[in-house]
Amino acid sequence: MSIVVEPFVRQLSQTRAPQPLARNGRHLDRQLRAAAERTLWNHLRDGRLGGARFRRQYLVDLYLADFFCPASRLVIDLESTLTPALAMHANARRTFFHAQGYQVLRLRDRDVLIETRGVLDTIRQALTFGDRRTAQ
């Protein structure tokens, strides 16, 4: 008895058409936000930005900070397209952080991806401002 093994060949009739990237833009917004978070984290982690230590997705009391530097009391908030309900939540979160004495830096995900150097300069300025404020 012999066994014949045929190579796996995908026929043209079995291939599917490529799926669209987004439905109603939500999927694309999620991908854009994830890419912006990864890009920014690559520049912030392990003290790569002026020795400042950041934490990613850090829980401060009831709210989640996208990026948090405890030494400078700096919260970095990435924003994408917001629905009215999400905008209200973002406002409440920002108000809470300000009330607790944190400096909140709001960045658009598109700016992080396109103007990365400018965003990093803005973060450096916020870090030096935070360091001066905590020294007083």
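Are Tyr63 and Phe97 buried or exposed? Tyr63 is buried, and Phe97 is buried too, where buried means under 20% relative accessible area, exposed means over 50%, and partly exposed covers what falls in between (1.4 Å probe, protein chains only). The model is a predicted one, so to speak of local features takes a pLDDT of at least 70, side-chain atom pairs count only at pLDDT 80 or more, and totals for chains, interfaces and linings use all residues. Residues are numbered from 1 along each chain as its sequence is written, and side-chain values use heavy atoms, with hydrogens and water left out.

First, the overall layout. The protein chain has four helices and four strands, taken as DSSP runs numbered from the N terminus (H or I of at least four residues for helices, E of at least two for strands). Along the sequence these elements come in the pattern α-β-β-β-α-β-α-α. Of the 136 residues in the protein chain, 32% are buried. The accessible surface of the protein chain is about 9800 Å², with 53% of that belonging to carbon and sulfur atoms; areas come from the Shrake-Rupley method with a 1.4 Å probe, and for residues only the protein chains shown count as cover. Among contacts in the protein chain with a separation of 6 or more, 60% are between residues 24 or more positions apart, a contact being heavy atoms within 4.5 Å.

Next comes the sheet. It is open, has four strands in the order β1-β2-β3-β4, and its pairing is mixed; two strands pair if DSSP finds at least two bridges between them. From one strand to the next, the twist averages 45°; axes here are lines fitted to C-alpha atoms, for helices over the stretch in contact, and angles run from 0 to 180 degrees between N-to-C directions. In general, strands of a sheet pair through backbone hydrogen bonds, either parallel or antiparallel.

β1 and β2 run antiparallel and are joined by five bridges. Across this pairing, Arg56 stands opposite Phe67 in β2, Tyr58 opposite Ala65, and Val60 opposite Tyr63. β2 and β3 are also antiparallel, with three bridges between them, and here Phe67 stands opposite Ile76 in β3. As for cover, six of the seven residues of β2 are buried, leaving this strand mostly covered.

The β1–β2 hairpin has two residues between its strands, and Asp61, in the loop between β1 and β2, has a positive phi near 55° despite being a residue other than glycine. Asp61 is exposed, at 57% relative accessible area. In the hairpin of β2 and β3, four residues lie between the strands. Arg73 sits in that loop between β2 and β3 and has a positive phi of about 55°, although it is not a glycine. At 28% relative accessibility, Arg73 is partly exposed.

Helix α2 packs on the sheet, touching β1, β2, β3 (74–79) and β4, and its direction makes about 55° with that of β2. Ala90 belongs to this helix and is buried, with a relative accessible area of 5%. The C-alpha atoms of Ala90 and Glu79 are 8.8 Å apart, with the two residues eleven apart along the chain.

Back, then, to the aromatic rings. Seven aromatic pairs turn up in a search of the whole structure; rings of Phe, Tyr and Trp (its six-membered ring) pair if their centres lie within 6.5 Å, with planes under 30 degrees apart counted as stacked, over 60 as edge-to-face and the rest as tilted. For Tyr63 and Phe97 the ring centres are 6.4 Å apart and the planes are at 65°, so this pair is edge-to-face. Tyr63 lies in strand β2 (residues 63–69) and Phe97 in helix α2 (residues 84–99), so the pair ties together parts that are 34 residues apart in sequence. Both residues belong to one aromatic cluster, formed by Tyr58, Tyr63, Phe68, Phe96, Phe97 and Tyr102. Arg73 comes in here as well: its charged end sits over the ring of Tyr102, 4.2 Å from the centre, the criterion being NZ of Lys or CZ of Arg within 6 Å of the ring centre and within 35 degrees of the ring normal.
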